[in-house]
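Here is a friendly walk through a two-chain model, meant to be read beside the coordinates.

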Amino acid sequence: MKRFLPILIFLAIGIAFAIALTRDPRKLESVIIDQPFPDFSLTELNDPNAMLTPELLKGQVSLINVFGSWCVSCNVEHPVLMDIAGNETIRMVGINWRDDRAKGQDWLAKRGDPYDVIIFDPESVLAIPLGVVGAPESFITDKTGRIRYKHSGVISSSEWTGTLKPLIKRLETEP
Amino acid sequence: MRYLLLFLMLMISPPAMAQEADIETRARKVSQSLRCVVCQNQSIDDSDAPLAADMRKLVRDRLKAGDSDAEVIAYMQERYGDYVLLKPPVQGNTYALWFLPFVLLIGGGVWFIRTGRRGEAS
């Protein structure tokens, strides 16, 4: 038994490392779930004179999507968002992050605009309090404006039908 | 009159500049302890990533607004989790990380001495 002890210890460490390696270090634990949406006061992308605040999230469930004209993966996600906007009643809020106003508008003009309202955040004033790491990133808020779900990366159609849509339907039944 | 104005400016600016410099050194120190979340093993002070630049700006703005260094770090931790701290905090899920090396060192030392003695005896 004693002879095998070093090998057993080696195996235990090896297995622990093997399990740790399968975990994606980019998937950060989200500490902002169930927190109220961070306070902000930013302009609407298409209307520099319109100020937006967290008030806009009160009263209905929203899908909030962080995007930018510089973001390559956002091109991949865009058709899925267009599809959701065309077929669902969910309110879609865009956060145009670290972008140039004209470039952001142009990007949407070329591809179509799935958003009901777009928050323009060129200096991460809202992105940092939201804990945004990269784009695309999406959040779902409930009717009280509390963050209930965070999705990092591109939303695929299967993730939409399998996870996000059922959650939104459930949140819509909440008071 | 011009000299009076110059004199007044010289009188006023040093404390203001000292305060600016103080915020700057504190901002650097806080930034060095925060991880750039897009580059993983750099602090936001080291990183050229655009998000790191915005985070540095936010650190400075909060320090200027009167936050303590610890409050700024806590603010980031509330949003990005423990991951944003370059030095892992000593807490339940990191005890193994912090104390296992010492346990192994002491345990190994004890084992080495005990088996060594037995070898001598035989």
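## Where the chains meet

In this predicted model, 13 residues of chain B are in contact with 13 residues of chain A; contact means that the C-beta atoms of two residues, placed from the backbone, lie within 7 Å. On chain B's side, the elements that give two or more residues are α2 (50–64) and α3 (69–80) of chain B, and α2(B) gives the most, with 5 residues. Helices here are DSSP runs of H or I with at least four residues, strands are runs of E with at least two, and both are numbered from the N terminus. Sorted by class, this side of chain B has 8 nonpolar, 2 polar and 3 charged residues. Nonpolar covers Ala, Val, Leu, Ile, Met, Phe, Trp, Tyr, Cys and Pro, charged covers Asp, Glu, Lys and Arg, and the others, Gly among them, count as polar.

Residues are numbered from 1 along each chain as its sequence is written, with chains lettered from A and ligands numbered from 1 in the order in which they are written. Local features need pLDDT of at least 70 and side-chain atom pairs count only at pLDDT 80 or more, while totals for chains, interfaces and linings use all residues.

## Chain B

Chain B has 4 helices and 0 strands. Of its 122 residues, 16% count as buried, that is, with 20 or more other C-beta atoms within 10 Å of their own; 12 or fewer makes a residue exposed, and in between it is partly exposed, with C-beta atoms placed from the backbone. T94(B) lies in the loop between α3 and α4 (95–121) of chain B. Beyond its neighbours within four places in sequence, T94(B) is in contact with P88(B) and P89(B).

## Backbone details in chain A

Strands β6 (residues 137–141) and β7 (residues 147–152) of chain A pair in the antiparallel sense over 5 bridges; pairing requires at least two DSSP bridges. In their hairpin, which has 5 residues between the strands, G145(A) takes a positive phi near 85°.

Most residues other than glycine have a negative phi, and most peptide bonds are trans.

| Residue | Phi |
|---|---|
| D34(A) | about 70° |
| S124(A) | about 60° |

Why does D34(A) count as exposed? Because D34(A) has 11 C-beta neighbours inside 10 Å. S124(A), in contrast, is buried because 20 other C-beta atoms lie within 10 Å.

A cis peptide bond joins A135(A) and P136(A), with omega about -5°.
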